[in-house]
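Reader: I would like a close look at one part of this structure. Please keep it brisk and give the cut-offs.

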Amino acid sequence: MYFHAGLILAVIAVTFAVAKYFKLSVELSMLLAAIAAGIVHAGGAIPVRHLVEGSFTYLDVCLIFITATFFMNLLKESGGVAFMVRKIVITFHKTRLLCLFFLTVLLLIPGALTGSGAATVLTVGTLVGTVLSYMGISEKRVAAIIFICAAMSAAAPPVNLWAMMAAAGSNMPYVGFFQPLLVLSAIGAFFAMFFLGAKGKNVELEKALKELPEPPEKMNWLRVGIPFAVLIFLIMAGRIWPFSTPTIGLPLMFVLASVSAILLSPKKLQILRIATETIHSLIPLVGIMIVVGILIQVMALSGARGLISLGVVTLPLWVLFSTLFLILPVSEGLLQYAVAPLLGVPLILLFNMKGMNAIIALSAMAVMWPIGDILPPTAVVGRATVMELKFKGHYYKDFLKTALIPMGFVLLVATLFLIFSNELSFLVGG
Amino acid sequence: MTDRNLLIVKLVSLALVAVALVIAGIQFHDHRNYQEEVVKGPGVTQVKKLSDYFEPLKGSINDCNIYIIDSGVPGGTAFLIGSSHPEEPAGNLTAQLFVENAKLAKGRLIVAIRANQSASRVSRPGDAYPLYYTIETPWGEKKFRMGDRWSSPLDSWPDPEVYVNYPSGQLLAYMDVRNFNRTWPGRANGMITEQTNYAFMNVIKEEGVDIFIDLHEAELEYPVISTIVAHQKGADIAGMASMLLTSTEFRIGMEYSPKSLHGLSHREVGDHSDAVSILLEAPEPFLDRVRGITDEKLLLTGQDEFVVMAGKYGLLYEKIDEKGWPIDVRVGRHCSTVLMIFELWGDFNPGKEVVIQQVPRYDEVVQNGTGYYFRDPSKAKTEDIYYE
Amino acid sequence: MAILNSIISVCYYLISAFVVFVLAKSIIKTKNVQDAILYSVMLMPFILRILRIK
């Protein structure tokens, strides 16, 4: 059994490495690794049913992802996001700290709703970046701020894909995570914003406004706020009157909130185009989740998942505490969301067995993972950041180096949450 | 790449995906529609449908059979259900063994073999479960569907943002709206799994069930294992059964149903009806996350090196060695525990006895194998064959 | 309530169908060979769900 599972792991690693060497994308490399492992396990046959079945593993999460991003894109296209940014700048341009505070809150929203840091970068990242640069913050610091805030927004509740995937794999309810995730992600985002952006000047209002896109004239807080209110109402209605409201589900809630955004938009939106572009832009992320499901199924089938789980749960806790801050981001950079079910699930199991508070521990891990989205080979959010901001500096020497201190801070705080999970159990809720 | 080559790659990849979809699709379709044969045993006096107790389920996938074994002699009424969680096969195998063998000398026994049909007709993505398992019998192999813990999304889609149990209001994971043992006591206008629980509560109330037993299995990493979980109304019986079984047949624990944990049968059936509710857990290494190769062999033998290793590190709540936890041991445990509980029920409640005969105890099941007790459908009259 | 839940369920099938439509369109349009293969694989769960097979 050990040899067989070890062999499968080796096949996965070698196939993945070879595929990457031949410049295949992470998704296709992972798919090839899964197929190769499946064939070796089945003694030459292709376990077709398992490959197809695995693709269903995160189907519901994918739908949340797609509909939430559609909602955010509608707000962007209707001019709602530009409106909010301009209002923040106009209202708080004389009080720098308040301005930074509200810009951070704005940065946290898209990722919190969609679970994707890339969504933050794509919807509000550029606009906030423009404002920050007119506050005298250097280009590399702006990029670092946008990345950390985007990563923290992905970690922020209600949708944290890593926590959701790891919880689902451990038969653990995704309930009670709201508060710990909010505390951790807010600490990380605000630290990054104020540490990197504290020094500077007040916004050069006129210049900033000139550069920011002009929202339609009729745009106002009601038109921006009502879609959010609809979303919050639907979520709360399901909790407050659960027995007299139908089962709507998060994806349809986002669709209904989107409908309100369309109806309230001051300009006519090309819905089909936006919907098509949304799905198109999400293909890499949805694609990797589908492929990860396939890989996980083959690993479960062949015992490779069990071997990894066994390896993780038999490690002493102190080893984990002293290495997870490195292992989690690096593995995220390598495998993206695949790490949540692969490493997260056995870790949850171990933490449960050791009497730790699994919700706090998983929350801590689920904040460390997105930090790895700046690291190669995938670097999904990091790359999106430099592309969207048209960053001219060096990726590693300027961008990554500038982000290192806030990254370290987030990892330190999350590690402390991990170690003191029981003491922090009062945070569980929501 | 030229446009022509690109087109070829597109067509080939689409063709390969289409072939995969056809191959897998046929397997999924067959699995969802596979019918297990049940031969009506000598004691079965009536077979009803769940929809007889709740009309809206009529014709739905969860309209399962309700087998009634009536002695004709006044006594108590017991209700036994399997496949609350169809990934725990000892439950439905034990329930079917009772249907095909039990005769009653006193009282009535009601049995549902596949309580959550929908969940028994879907396998879990990401976990690589086999679609079927076969049990050796003296007349050949008998094939069963391997199911999931949750009802199929084909019968219940979408899941809520968070599942709120009715009527307790307790928050549970979103997918637990499809978990038959988190949706008790059910809701008439809820999703299909909640409706199914509601129908079962109607069975309990309309048939005047005195004692209700829900058969389960659990991973060894889970603390509630090899035990009898009892509502406070049945704590004395469960405690006594645990003591007697441990001293005579095998070690089994007893736990109180937590009063604040809602949605589970051992809590809600007892709270919302006159019945005493009890849940049995047997060890199933197949469900452990650290398990090795996931296949039918592991499911039926319960032998796994990785799980044994986890035990050596003190990470399990039940012992395991290279002999594993074979299905016959698990079914045998359930048989003896159910029989012991019914015996004690009779002792504690004179006049309400449920006296069961011709059901094997632990030693016999282990010695002869579970399949020994299944009847050959090819030798049965057509009208005696039912389908699950 | 049952009717409402059924309508909602139908909406989910429609959302899935729309995803299939966009993926199919993307396969036709893309000039990137790797993307074409990935998009094809991504179709799998959505198609089987729409067909009510899995």
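At what angle do the axes of helix α16 (residues 317-335) and helix α20 (residues 395-419) of chain A cross, and within what distance do they come?

Author: First, the ground rules. This is a predicted model, in which local features need pLDDT of at least 70, side-chain atom pairs count only at pLDDT 80 or more, and totals for chains, interfaces and linings use all residues. Residues are numbered from 1 along each chain as its sequence is written, while chains are lettered from A and ligands numbered from 1 in the order in which they are written.

Now the crossing. The axes of α16(A) and α20(A) cross at roughly 150° and come within 10 Å. Axes here are lines fitted to C-alpha atoms, for helices over the stretch in contact, with angles from 0 to 180 degrees between N-to-C directions. Helices are DSSP runs (H or I, at least four residues), as are strands (E, at least two), numbered from the N terminus. The crossing of α16(A) and α20(A) is right-handed. A crossing counts as right-handed if the near helix is turned clockwise from the far one by less than a right angle, and left-handed if anticlockwise.

Which residues meet there? From α16(A) come A:Phe321, A:Leu324 and A:Phe325. From α20(A) come A:Leu411, A:Thr415, A:Leu418 and A:Ile419. Contact means C-beta atoms, placed from the backbone, within 7 Å. By class, this contact has 6 nonpolar, 1 polar and no charged residues. Ala, Val, Leu, Ile, Met, Phe, Trp, Tyr, Cys and Pro count as nonpolar, Asp, Glu, Lys and Arg as charged, and the others, Gly among them, as polar.

Next, the shape of α16(A). It has a kink of about 60°, centred on A:Thr323. The bend at a residue is the angle between axes fitted to the seven residues ending there and the seven starting there. The expected span is 1.5 Å times one less than the number of residues. For comparison, take α6 (residues 96-114) of chain A. Its 19 residues should also span 27 Å, and its end C-alpha atoms are 29 Å apart, which agrees. A:Gly115 follows α6(A) with a positive phi, near 80°. Just after α16(A), A:Gln336 has a positive phi of about 55°.

Then burial. The buried residues of α16(A) are A:Leu324, A:Phe325, A:Leu328, A:Pro329, A:Glu332, A:Gly333 and A:Leu335. Buried means 20 or more other C-beta atoms within 10 Å, exposed 12 or fewer, and partly exposed in between, with C-beta atoms placed from the backbone. These buried residues pack against α17 (339-353), α18 (358-368) and α20 of chain A.

Elsewhere in chain A, one backbone feature deserves a note. The peptide bond from A:Pro157 to A:Pro158 is cis, with omega near 10°. A:Pro158 sits in the loop between α8 (139-155) and α9 (161-169) of chain A.

How values were computed. Two residues are in contact if their C-beta atoms, placed from the backbone, lie within 7 Å.
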